[in-house]
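Hi,

Here is the structure I promised to pass on. Have a look at it first, and my notes follow below.

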Amino acid sequence: MTPNVWNLKNLWSGYFAWYFLRLCLPLVLILIAVLWLLYRTQLAATLMIMQTNEQQSVQLGHQTIDAVFGVLQGDALYLAEHSSLQQWLDADNPAMRSHLIDDFFAFTRHRHLYDQVLFLDTNGQEKIRINWADGQPSVVPTEQLQNKLNYRYVQNTLALDEKIVLMSPFELNTEHDAIEYPIKPTIRLSTPVFDSKGQKRGLIVLNYRGQRLLKRLHAISEQSQGELWLLNAEGYWLLGPRREVEWGFMYPDRQRLRFDREYGREIWQSILNGPSHDQWLNEKGLFTYAKIEPTKPQGNVGDERWILVAYVPSVIARDVPTFTHPLVITGMVLVPLLILLSWIIAYHAMRRRQAEAEAQASEARFRGLFDSAPDAIVIVDRNGGITLVNAQAEKWFGYSHSELMGQPVEQLVPERFRERHPQNRRNYIAKPIIRPMGAGLELYGRRKDGSEFPVEISLSPLETDQGLRVISIIRDISTRKQTEEAQRQIRSRYQILVNNLPVGVYRNRPDEKGRFLEINAAMVDIFEAESIKQLLSYPFSELYCDPVDRKTFIDKVMSRGHVNGEEVRLKTLRGREFHAALTAVMKRDATGEVYFDGILEDISLRKEGERKIQLLNDSLRIRSTELEAINHELEAFSYSVSHDLRAPLRAIDGFSRTLLNDYADQLDDKGRDRLHRVRAAAQRMADLIDDLLKLSRVTRTEVKWESVDLTQLCNTIIETLRQDQPERIVQFSVQPGMVAYGDARLLRVVMENLLSNAWKFTSRCAEPIIEVGCDDNQKTTYYVQDNGAGFDMAYADKLFGAFQRLHDTGEFPGTGIGLATAQRVIHKHGGRIWAKSAIDQGATFYFILDENGSD
């Protein structure tokens, strides 16, 4: 043997011995520790099992008591609300009572729970009593029914509200103050009865045979390792370890047989003062208890408090050898086996660890690539069970890894597709190939919260040692779908907008025929086509009245890139010609071919309107020329009146005055009267000429719009009137703050005429009153009101005519031009004037102005 081989062998032996000892010694120590732990565990498990069993016994007993009292409460309330009882209470006839007794009798016979079922009225008198005796129910005759008003439970029950049950203490039944034998543990439950009108009519009483409950608790005790007892709040056994210690509070000679005297006052106080349920172990044994208030869970009334106790004597030390001996034998057998096992493991450990390390590295690389994939990946077996998912699948579907593993893949499929999916899956398993799932269909995935999202799925089969696997690569296409839906909605809104436009929208090519590529509904109406299809098939070039217009239009669009509002004459498919305005933009498609997008508007009505406007403008120019000539003639006439007519009138008036002054003594009274009349006529003629000139000037005057203080203007005119006739006393009322928008000079003419008229026609009133004001409604209405002579409204249409008078000049002087002048001024302001009056009741003149007339 060469030195190198010897050294290698020694190295191998040393390494093997080191690895063997490093493996064997811990295993032996672990075995010893495990056997010790098994001993301790067995010991603890024995105690834990015992504790758990006792807790379960107490819990089962507690549940049994709750269930029993739930039934008892339900029975009491059921009888209190029984339809037969309610009908008898309402009708109170023998037939109903007989029917009620039959129902109570059937209830007692069916339940087997109650010694007595009673109904008492509000005076405590028994009305119905069913007794249980010798295994059968019986109805107590009416003459044997008793009055129990003096019983405390009757009085307490009648004081309760509706649907409340009173529970009496759990005790032995007594007859004539003596315990009845054989003993009958009894619990009495009672509840008030209300009729259909909500009036209290009595109470239902159930005497529950408590021995049934005690038997059920005893049956639970028989199945447990220890004993199950039931004690009342004073520590007396209701169900105890021996019959002779039970019901001690009912027997004078058993008053000292209580739990605290048997097992110590300290344990009893711990139970009373402790939590509602607990467990502890001491030298006397294992105690498990639960405090029970039978009435509390059901919300009833009663002072009964019970304690359910499970007791196991201290017997663990006696059982220790039974499980210690097998552990010693097990250790003696396992130590040599561990040494042999260590030898085998030492030989294969390094190779196995190396293989495991390589496998782990490979799995880590695969898992990293698997989890970093941007799409969700779900791998299922041939039965559809999920065997592997990546992180993206967990994220998208909202499940954790553990929630998905082993679950059917249909968990990720919307419910409306689940019924068909297993068959589709079997079809794929029958012919597994790489392909997309549901080609041409809308696919959806279902998240944990029930929401769905659109997906694309690619399927790929994979053969493994465990059998066929199907790899599903799932891509969330929600964003793509949202984008497509947004684009669809935009297209839809655009299409609706285009179709609802009152103008034609089209797309066509500027070729020889120029057929339309797309049109909206308005184009069909404009060209009087029967349908869109008909118009699309018709050459646009043939719809031009003049082909030159089409060539000109196309050339403009091609050269400029767009044309706006080009006016041409077109014709409909029925041959009717019309004017149209064309707007178009030149565009190119993906192949570079030119097309026009345009708008076509039928402007025939507009052109006709323009033609009529032109005719009107021509007519207005002619009338304007004529009016201008008339105005010149009117000005010449006014000049003639002002100069040619005034001179003769002044001469007549002057010579007449001279004759009256110089030759009055040579004339008789009749001559002087004639001269006075000549002068008066000449002066009236002069006034008439002045008023006509004023009317003429008002007609020709341009309105100068400005803000006019009507209040101040009226006060100035009133002051002038008073100065002219200071002897008159007239009461004026002018509303302050009246401001109008118009021509100040012309509005002064209006107010002078209206106020002068009011001053004149109130001259014969004893107490003349003149009021000026305005009302602000939709339009400001100004008014001048007086209490003068008034006029007959039958002649109101003549009121504003020139030279029209409704009163004699001898009575009220004037020319009849004033109101006509006022009306001309109001009309020049775009307003109107009117009056309301009655004879001898005054008159009111109203007028409104178009105060926006200057805009």
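A quick definition before anything else: two strands count as paired if DSSP finds at least two bridges between them. Helices (H or I, at least four residues) and strands (E, at least two) are DSSP runs, numbered from the N terminus. This is a predicted model, where local features need pLDDT of at least 70 and side-chain atom pairs count only at pLDDT 80 or more, while totals for chains, interfaces and linings use all residues. Residues are numbered from 1 along each chain as its sequence is written, and side-chain values use heavy atoms, leaving out hydrogens and water.

Let's start with a hairpin. Strands β31 (residues 832-837) and β32 (residues 843-848) pair in the antiparallel sense over 6 bridges, with Ala-835 opposite Phe-845 in β32. There are 5 residues between the two strands, and in this hairpin Asp-840 has a positive phi near 60°.

In a regular strand the side chains alternate between the two faces of the sheet. In β31, Ile-833, Ala-835 and Ser-837 point to one face and are buried (under 20% relative accessible area with a 1.4 Å probe, protein chains only; over 50% is exposed, in between partly exposed).

Cheers
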